[in-house]
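Please read the numbered points with the sequence and the model at hand.

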Amino acid sequence: MWELRSASFWRAIFAEFFATLFYVFFGLGASLHWTPGSLHVLQVALAFGLALATLVQAVGHISGAHVNPAVTFAFLVGSQMSLLRAFCYMAAQLLGAVAGAAVLYSVTPPAVRGNLALNTLYPGVTVSQATTVETFLTLQFVLCIFATYDERRNGRLGSVALAVGFSLTLGHLFGMYYTGAGMNPARSFAPAILTRNFTNHWVYWVGPILGGGLGSLLYDFLLFPRLKSVSERLSILKGTRPSDSKGQTEGTGEPVELKTQAL
């Protein structure tokens with residue numbers, strides 16, 4: 001358990017807590033109804049996308065800026081981080097999400113809070129349809145993250161932060177009409193626990209987790225396979241610390257090249 005003695009490990013955990021707090025605070029805040037009438041989908045989609053892009057830019061080199069248990073699960077499935085780090089990331093993300101929602105709740109007038117932008121199924125959408133939609137939304141999102149974070153790519157063009165942010169925006173533009181576009185169990189969990197409303201809440205865990213896992217398998221084992229032996233994958237999952245040529249640690253969940261490149 002060398003990671004527990006590493007200062008960079010605890011900085012990464014705090015970065016995930018801090019980033020998820022801000023992601024939920026700004027994303028949910030932009031989703032509240034301040035005026036009569038329906039909320040503009042583009043406003044919400046851009047708010048979540050820009051919030052994530054900003055956080056990838058700010059803490060991507062520290063923790064990888066997962067800000068999402070489904071994304072962390074995807075990296076775990078791809079043997080790109082240890083079980084311990086994945087568990088701590090998810091715990092930090094859930095705590096950060098609840099903290100962000102709690103701060104938003106405390107600074108928002110009662111008449112505006114409503115259900116705090118709780119994810120709900122659109123009338124007529126079944127739970128199986130909703131789960132499928134959440135799976136596809138998260139699948140494309142994880143594929144984008146894996147492709148843009150991949151240190152094996154040569155001549156990578158454009159901004160990682162914007163690519164990830166636009167992918168999340170795309171998911172919201174489509175998914176809000178079906179499920180409210182959860183795509184992130186922490187984002188869905190925070191308003192649910194504060195409003196004590198868990199109706200169909202499992203959809204916002206099962207769908208994103210399935211999508212994240214499928215995205216990881218599709219990218220890392222089919223589209224652009226990582227040539228790692230079973231023993232190498234197990235050593236990463238256990239938290240063993242092999243060093244690469246740059247003196248950085250693999251298996252930490254942090255994209256190796258992301259630490260040295262501008263996002």
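1. UniProt positions are given here in the numbering used in this note, with feature names shortened, and such annotations may be inferred rather than shown by experiment. Under "transmembrane region", the unreviewed UniProt entry lists residues 12-34, 40-62, 83-107, 127-148, 160-179 and 202-224.

2. The model is a predicted one, in which local features need pLDDT of at least 70 and side-chain atom pairs count only at pLDDT 80 or more, while totals for chains, interfaces and linings use all residues. Residues are numbered from 1 along each chain as its sequence is written, and side-chain values use heavy atoms, with hydrogens and water left out.

3. The chain has 10 helices and 0 strands; helices (H or I, at least four residues) and strands (E, at least two) are DSSP runs, numbered from the N terminus. From the N terminus on, the order of elements is α-α-α-α-α-α-α-α-α-α.

4. Two of the spans in the record may be set against the model. Residues 127-148 are 100% helix and 0% strand, with end C-alpha atoms 32 Å apart. For residues 202-224 the figures are 91% helix and 0% strand, and the end C-alpha atoms lie 31 Å apart.

5. How do helices H1 and H4 pack? Helix H1 (residues 7-29) and helix H4 (residues 83-107) meet at an angle of about 35 degrees, with their axes 7 Å apart. Axes are lines fitted to C-alpha atoms, for helices over the stretch in contact, and angles run from 0 to 180 degrees between N-to-C directions. The crossing of H1 and H4 is right-handed, the near helix being turned clockwise from the far one by less than a right angle. The residues of this contact divide into 19 nonpolar, 5 polar and 2 charged. Here Ala, Val, Leu, Ile, Met, Phe, Trp, Tyr, Cys and Pro count as nonpolar, Asp, Glu, Lys and Arg as charged, and the others, Gly among them, as polar.

6. Of the 263 residues of the chain, 53% count as buried (buried means under 20% relative accessible area, exposed over 50%, partly exposed in between, with a 1.4 Å probe and protein chains only). Val 24, in helix H1, is buried, with a relative accessible area of 0%. Between Val 24 and Leu 104 there are 8.7 Å in space, C-alpha to C-alpha, although they are 80 residues apart in sequence.

7. Gly 64 lies in the loop between H2 and helix H3 (69-77). Gly 64 is buried as well, its relative accessible area being 0%.

8. Is Ser 79 buried or exposed? Ser 79, in the loop between H3 and H4, counts as buried because its relative accessibility is 5%. Its phi is near 55 degrees, a positive value in a residue other than glycine.

9. Asn 200 lies in the loop between helix H8 (185-195) and helix H9 (203-223). Phi of Asn 200 is near 55 degrees, again positive in a residue other than glycine. With a relative accessible area of 29%, Asn 200 is partly exposed.
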